[in-house]
Amino acid sequence: MQAKPISTPKSQDATQKVADALALVIHEHRLAPSTKLGEDEIGEIYKVSRTVVRAALQSLAHVQLVEIQRNKGAFVASPTPREAREVFEARALLEPRTARSAASRVTPRDIEILKDHIAQEHLALDAGDNGRAINLSGRFHIEIARIADQDTISQFIETLIARSSLVIALYWRRESALCESHAHHALVQSIADGDEQNAEELMRSHLVDLNSALDLRDRPVRAQNLRELLQATDQ
């Protein structure tokens, strides 16, 4: 019987670094849904073993950023229109109440963090980096969940935000919505004021607006060169 590879702190650290790097390029829409993630290519680019790459892909599959298909390999996940609707329906159930809870627990330091997210989002928009802006917008929602101090719900929301990034990559139809930053500003103000009801209502309205910016029809898959994309990102 072949011995099972022993996981060491060093290999675990390498796995996390590769997983984080791949997650970032997926969140920032540099790798499109359905892109094949070749283990050999990824290993060469990040200078790690196939064992490390496989573990990183498994961790990303756990949060539904990657799909691992038997006898075919790993691919960037590609939510169907039905799955996209379910993601935003779930967010609409969880996040308004989370915003209410955040308004009751927020600290001045939390408000600074939220405002910094908005500022970084504006910088990305001004630079024309819509992928980074969308990623920062998702992180903004995750920060609100953190402030609410509800660990189990926060974990659900973080997974939903990851799926939302893929949904937006496939079905986004209204780029002007990126510039509608008043929603985040108003949310921060309500949370800072401790206005629980208004924070809940603003979050609900914001999610309705995001959902309205989606065109939930099937999209053709774009062919991408994994090596070129990852090497450009890694420089």
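Predicted model: local features only at pLDDT ≥ 70, side-chain atom pairs only at ≥ 80, totals over all residues.
**Whole chain**

Start with the cartoon view. The protein has 10 helices and three strands; helices (H or I, at least four residues) and strands (E, at least two) are DSSP runs, numbered from the N terminus. Their order from the N terminus is α-β-α-α-β-β-α-α-α-α-α-α-α. Of the 235 residues, 44% are buried, where buried means under 20% relative accessible area, exposed over 50% and partly exposed in between (1.4 Å probe, protein chains only). Contact here means heavy atoms within 4.5 Å. Among contacts between residues at least 6 apart in sequence, 78% join residues at least 24 apart.

**Helix H1**

Select alanine 21, which lies in helix H1 (residues 9-27). Alanine 21 counts as partly exposed because its relative accessibility is 23%.

**Helix H5**

Move on to residues 108-126, helix H5. H5 has 19 residues and reaches 27 Å from its first C-alpha to its last, close to the 27 Å expected at 1.5 Å a residue; the expected span is 1.5 Å times one less than the number of residues. Colour Asp110, Ile111, Leu114, His117, Ile118, Glu121, Ala124 and Leu125, which are buried. These residues cover an arc of only 145 degrees around the axis, so they are on the same side of H5; the arc is that of the directions from the helix axis to the C-beta atoms. The face turned away from this buried side carries the exposed residues Pro108, Arg109, Lys115, Leu123 and Asp126. Glycine 128 follows H5 and has a positive phi, near 75 degrees.

What do the buried residues of H5 pack against? They pack against H4, helix H6 (130-148) and H8.

**H5 with H8**

Show H5 and H8 together. Their axes come within 10 Å and cross at roughly 175 degrees. Axes are lines fitted to C-alpha atoms, for helices over the stretch in contact, and angles run from 0 to 180 degrees between N-to-C directions. H5 and H8 are therefore roughly antiparallel; angles under 35 degrees count as roughly parallel, over 145 as roughly antiparallel, 65 to 115 as roughly perpendicular and the rest as oblique. On the H5 side, select Ile111, Leu114, Lys115, Ile118, Glu121 and His122, which meet His184, His185, Val188, Ile191 and Ala192 in H8. The residues of this contact divide into six nonpolar, three polar and two charged. Ala, Val, Leu, Ile, Met, Phe, Trp, Tyr, Cys and Pro count as nonpolar, Asp, Glu, Lys and Arg as charged, and the others, Gly among them, as polar.

**Serine 137**

Next, select serine 137 in helix H6. Serine 137 counts as buried because its relative accessibility is 16%. Not counting residues up to four places away in sequence, serine 137 touches Glu121 and His184.

**H4 with H8**

Finish with helix H4 (residues 81-105) and helix H8 (residues 182-192), whose axes come within 7 Å and cross at roughly 45 degrees. That angle makes H4 oblique to H8. Ala99, Ala102 and Ala103 of H4 make the contact with Leu187, Ser190 and Ile191 of H8. These contact residues divide into five nonpolar, one polar and no charged.

How values were computed:
Residues numbered from 1 in each chain as written. Heavy atoms only, no water.
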